[in-house]
Amino acid sequence: MTIYDIIFYLFAAITVLSAFLVVTAKNIVHSAFYLLFTFFGVAGLYVLLGADFIAIVQIMVYVGGILILLLFGVMLTNKITSVEIKSGTIHVLPAVIGLGLFAAFVLSTMMTTKWKSNPAELPFTTVYDLGYILINEYVLIFELLGILLLIALIGAASIARKDKE
Amino acid sequence: MNSIPIEYYLILSAFMFTVGVTGVLIRRNAIVIFMCVELMLNSANLTMVAFSSYLGQSAGQIFVFFVMTVAAAEAAVGLAIIIAIFRNKLTVNIDEINIFKW
């Protein structure tokens with residue numbers, strides 16, 4: 001067992017455990033903080049897989065953007081002083097049965113398929129490759145995503161804004 | 001140096017995806033449902049990065065980039081909708097938001 005394996009199991013354990021706690025935690029703010037650990041665990045796995053740029057983007061976009069946005073949502077939609085921020089569950093039994101079957105199907109597919117299992121040679125850094133591909137082959141999708149983000153931000157602002165009488 | 005078979009990454013992301021679907025199905029609060037959607041998107045990203053790394057091609061990481069962009073847009077619009085609903089109904093529990101019933 002090399003140091004690489006130990007780090008993998010550590011990050012995998014963090015990810016799995018905190019993902020489980022996101023779903024089971026009663027308090028919404030606790031769920032948000034467990035989600036933080038999940039994002040960090042996944043970022044660590046990205047580093048192990050040699051995707052350094054994606055790992056940094058994961059931390060900046062998910063932790064710095066989406067998680068803060070979710071916390072804002074929690075604070076804006078729950079009056080902390082008067083209403084409790086706990087929330088319950090519904091339809092637990094049918095969901096667990098259906099998802100047990102789903103998980104068994106996915107896991108058996110993944111175990112029985114013969115994947116290419118020896119890893120490719122990892123490049124020292126992926127930033128050069130990613131930048132080159134992004135601006136050459138995928139430049140149309142890149143521009144479209146810029147427009148999508150702009151539209152989403154304008155739409156979000158206009159939906160969340162109070163109507164003027 | 002990398003001795004972890006790719007199945008381990010795939011099983012991990014399958015587990016994360018299942019946990020995310022579970023959360024969407026059983027939780028009542030719309031914001032927790034949002035967090036579970038982010039979990040599912042993250043598990044798909046992990047799969048794509050694993051394949052990209054094991055096949056030695058960078059295109060998979062580009063798609064992860066795109067998924068993250070769409071996830072950010074989705075989170076912004078979704079939270080705006082949740083806040084608009086909260087302003088009208090004073091709750092974000094999805095079983096109490098039944099205004100589409102007739």
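Modeller: B:Asp95 is partly exposed because its relative accessibility is 35%, and the term covers values between buried (under 20% relative accessible area) and exposed (over 50%), with a 1.4 Å probe and protein chains only. This is a predicted model, in which local features need pLDDT of at least 70, side-chain atom pairs count only at pLDDT 80 or more, and totals for chains, interfaces and linings use all residues. Residues are numbered from 1 along each chain as its sequence is written, chains are lettered from A and ligands numbered from 1 in the order in which they are written, and side-chain values use heavy atoms, with hydrogens and water left out.

B:Asp95 pairs with B:Arg28 in a salt bridge (a side-chain nitrogen of Lys or Arg within 4 Å of a carboxyl oxygen of Asp or Glu), and their closest N and O atoms are 3.0 Å apart. B:Arg28 sits in the loop between helix 1 and helix 2 (30-55) of chain B, while B:Asp95 is in the segment after helix 3 (59-89), so the bridge ties together parts that are 67 residues apart in sequence. Helices here are DSSP runs of H or I, at least four residues long, numbered from the N terminus. In general, side chains of opposite charge can pair when their charged atoms come close.

B:Arg28 itself is buried, since its relative accessible area is 19%. B:Arg28 also meets the side chain of B:Glu96 in a salt bridge, at 3.3 Å from N to O. B:Glu96 is in the segment after helix 3 of chain B, 68 residues from B:Arg28. With a relative accessible area of 38%, B:Glu96 is partly exposed. Shared partners join B:Arg28, B:Asp95 and B:Glu96 into one network. Over all chains the rule counts two salt bridges.

Now the contact between the chains. In contact (heavy atoms within 4.5 Å) are 80 residues of chain A and 72 residues of chain B. The buried area, meaning the accessible area (1.4 Å probe) that two parts lose on being put together, summed over both, is about 7000 Å² between chain A and chain B, and carbon and sulfur atoms give 78% of it. In chain A, A:Val23, A:Leu49 and A:Thr77 lose the most area to chain B, together 9% of what that side buries.

Methods. Helix = DSSP H or I, 4+ residues; strand = E, 2+ residues; numbered from the N terminus.
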